[in-house]
Amino acid sequence: MTARIRPHFLFNSLNAVLGVMRADPRRAEQALEELAELFRVLMQDNRELVPLSAEIALARQYLDLERLRLGDRLQVRWEIATCPPDALVPPLMLQPLIENAVYHGIEPLAGAGEVTIVLSRRQERVLIDIANPVIEVGQGSHQAGNRMALANIRERLLLFFDLEASLATDLADGRHRVRIGAAPIGAERRLDGPRLLIVDDEAPARARLRNLLDDIAGELPTSVVVEAADGIDALEKIDDVAIDVALVDIRMPRMDGIELARHLSSRDPAPAVIFVTAYDQYAVKAFELSAVDYLLKPVKAVRLADALRKLARSSPPVAAIKAAAETIQPGAVASCAVWSAARFCWCRSPTSSISRPNSST
């Protein structure tokens, strides 16, 4: 029950990249990075729930690639002001539905068309509503398809949520609509650590940080929810995504890391910032911006772990830590993370004890 992407999307995306490579090489490079990220997520072991914010970020990357090909023909309206970004959902749930909407609702149109994506919360349920125009058969519409994406998502909803989830489709007023309702598993009940933003204009550097985070995940679990190639790219991708920690390079095109940190400081709550750079001359500016740490490349796992531990110095209330630790079964080797705004605490409980790294309370 793995998610799938239509082969035509890969070929069309590569062709679109070739089309802009000479005129806008930077955009072509960014598109290839987005495409690689999309397929990296696709090939992961997707048996664990992921934050809804990560699904939103991935869907935006997919839509950026489709806009490269379709241009202004593809109009997207997001309504996500009331959605719970920490709610956990099956991975690759949004992207296949949006791909269906683009494939059946936008590609056959001669002009522009709009896909609407509404994510909200009603009482204890997360609601997802995606709609697209419908083209009458014989007027350039694609084949109806075998509904594999919907069947796949329905099966995975059943696997993760049993009968607490629903999926329905309808056709009205010239638009096809898919509605999903699921009982959310909030981040307060199942935590995978603080939500990270990685910003670096070099894809290998971002991959290096992901690998280091994987190496220390046993002690300091984290969730990378957004990756970006520069400051402007980052701000666009996190516009409505909750971020706790930003790992930021400094020298980048369009907007550098120092300027990005200034923008991040105006968010509420503001994420903690850890600079990761090959240059030491910006350290004073970095700490003037209240950076948690300043790491010089090549970064080692132990140094990154030390930087993340510093976040525990402003820890959540002890009551919150104990409440999280009580979710760990006695005798089990497990870990959890508690955070509020940009304040974190990791606790590990092989028995009934609670530990808080580098904490004086």
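Trainee: Is Arg 254 buried or exposed?

Mentor: The model is a predicted one. Arg 254 lies in the loop between strand 10 and helix 8, and has a positive phi of about 65° although it is not a glycine. The cut-off for exposed is over 50% relative accessible area. Arg 254 has a relative accessibility of 52%, and therefore counts as exposed.

Trainee: With which side chain does the side chain of Asp 244 make a polar contact?

Mentor: Asp 244 is placed in the loop between helix 7 (231-237) and strand 10 (245-248). With a relative accessible area of 2%, Asp 244 is buried. At 2.7 Å, the partner of its side chain is the side chain of Arg 195.

Trainee: How are helix 2 and helix 3 oriented to each other?

Mentor: Helix 2 (residues 25-42) packs with helix 3 (residues 52-70) at an angle of about 135°, and their axes are 10 Å apart. Angles over 145 degrees would count as roughly antiparallel, and 65 to 115 as roughly perpendicular. Helix 2 and helix 3 are therefore oblique.

Trainee: How many charged residues does the contact of helix 2 with helix 3 have?

Mentor: Helix 2 contributes residues including Arg 27, Glu 34 and Glu 37, and helix 3 contributes residues including Asp 64. By class, the contact has 8 nonpolar residues, 1 polar residue and, as for the charged ones, 4.

Note on methods
Residues numbered from 1 in each chain as written. Predicted model: local features only at pLDDT ≥ 70, side-chain atom pairs only at ≥ 80, totals over all residues. Heavy atoms only, no water. Axes fitted to C-alpha atoms, helices over the stretch in contact; angles between N-to-C directions. Helix = DSSP H or I, 4+ residues; strand = E, 2+ residues; numbered from the N terminus. Parallel < 35°, antiparallel > 145°, perpendicular 65-115°, else oblique. Contact = heavy atoms within 4.5 Å. Nonpolar A, V, L, I, M, F, W, Y, C, P; charged D, E, K, R; others polar. Buried < 20%, exposed > 50% of the residue type's maximum accessible area, 1.4 Å probe, protein only. Polar contact = N/O pair within 3.5 Å; in protein donor to acceptor, adjacent residues only side chain to side chain.
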